[in-house]
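Q: Hi! I'm new to this one and would like a friendly walk through it. Could you start with whatever term I'll need for the pocket?

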Amino acid sequence: MRTVLGLIIIVLVLMVSSCVPTRNITYLQESPTVKNDSLITIQKVQPPYRLQINDVLSIQIKAPYDPELVSMFNVGNTASNSSSNQAGGLYFSGYTIDQHGDIRVPQLGEIKALGLTLEELRELIERRLLTEYFKENADLFVTVRLGGLRYVMAGEVSGQGEQVIFRDQVSIIEAIANSGGVPITGDLTKVRIVRQYPDGVKVHHLDLTQLDVVYSPYYYIQPNDMIVVDPLPQKSLGTGTTGLASFTTIISVLTTLVTTVLFFTRL
């Protein structure tokens, strides 16, 4: 009898410990000290992004008073190419920053883009065009944009691999949702962002279950970020992620143990 009672206690302990707490799988939980529906001030303006190797750019040059000259620079970068298949089209028709940090623009040749902001690169191209090709009254208009915000999802997520969002600013919550979200076995309390910097790679940790994460300087992702979500211990233990799953698993184990105990006690 004591043996069976001990087994029951072990079962109850395992049931409690094996279930995934809702606090570990719920996004952006409010702090107990914060009132419901309170206004949260977020720093919307992020530091300007500095271009990195392998970034793909869309560069468009317009000058309504000199369309023939403009056509020399927009070869292979037409709107029809990018509208039909933006991600794939820009890979072939856009401007990729090579391993030396340069892009090659028709007529202008190689331009050093590594480390510049989009605005700085736009000004550089516009200045070169006005100096070497266009007149001051040409009404020149240059647009430089990233070919989508590219990032990689890895770990315990529904959609692994490279993802692309055609927006300038994307939060980590939006990036995860775009890839299919995190299953119940994913740990939202220790999400990692592996980010490239000119001097190497750094890893940043975020707890997506806390509303305070919106204040983090890493809440908004950058191009080429890798977002990694680790699995919860319950997945590796194999005891189930819900109460019903845990109950079914543990009852099976308990039945086996009781049968074994009864068998040996009758010998």
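A: Happy to. When residues are sorted by type, Ala, Val, Leu, Ile, Met, Phe, Trp, Tyr, Cys and Pro count as nonpolar, Asp, Glu, Lys and Arg as charged, and the others, Gly among them, as polar. Please keep in mind that this is a predicted model.

Q: Thanks! So how do the residues lining the largest pocket divide into nonpolar, polar and charged?

A: The lining has 13 nonpolar residues, six polar ones and six charged ones.

Q: And how much space lies in that pocket?

A: The largest pocket holds about 600 Å³ of space. Of its 25 lining residues, the closest to the centre are Gln46, Pro47, Pro48, Tyr49 and Asp168.

Q: Which element gives the largest share of the lining?

A: That's E5, with four residues. At least two lining residues come from each of H5, E5 and strand E8, which spans 191–197.

Q: What about the domains, how many residues does the lining draw from each?

A: At least three from domain 1 (55–77 + 85–146), and at least three from domain 2 (149–231).

Q: Changing topic: E5 came up, so which sheet is E5 in?

A: E5 belongs to an open sheet of three strands, ordered E2-E1-E5, with antiparallel pairing. Strands E2 (95–96) and E5 (141–146) are its edges, each pairing on one side only.

Q: How many bridges join E1 to E2?

A: Two bridges link E2 to strand E1, which covers residues 56–62, and these strands run antiparallel. For instance, Val56 has Thr96 in E2 as its bridge partner.

Q: What holds paired strands to each other, in general?

A: Strands of a sheet pair through backbone hydrogen bonds, in either a parallel or an antiparallel way.

Q: Back to H5, where does that helix lie?

A: Helix H5, residues 118–132, lies across E1 and E5, and runs at about 145° to E5.

Q: Now the five-strand sheet, what's the strand order there?

A: The order is E7-E6-E10-E8-E9, in an open sheet with mixed pairing. E7 and strand E9 (200–206) are the edge strands, and each pairs on one side only. From one strand to the next, the twist averages 25°.

Q: How do E6 and E7 pair?

A: Strand E6 (residues 149–155) and strand E7 (residues 161–165) are antiparallel partners over five bridges. One of the residues involved is Val152, whose bridge partner in E7 is Glu162.

Technical notes:
Residues numbered from 1 in each chain as written. Predicted model: local features only at pLDDT ≥ 70, side-chain atom pairs only at ≥ 80, totals over all residues. Heavy atoms only, no water. Pairing = 2+ DSSP bridges. Contact = heavy atoms within 4.5 Å. Axes fitted to C-alpha atoms, helices over the stretch in contact; angles between N-to-C directions. 1 Å grid on protein atoms, 1.4 Å probe; cavity = no way out; pocket = protein on both sides within 12 Å on 5 of 7 lines; lining within 4 Å. Points joined across faces, edges and corners; volume = space filled by probe spheres on them. Domains from an automatic or database assignment.
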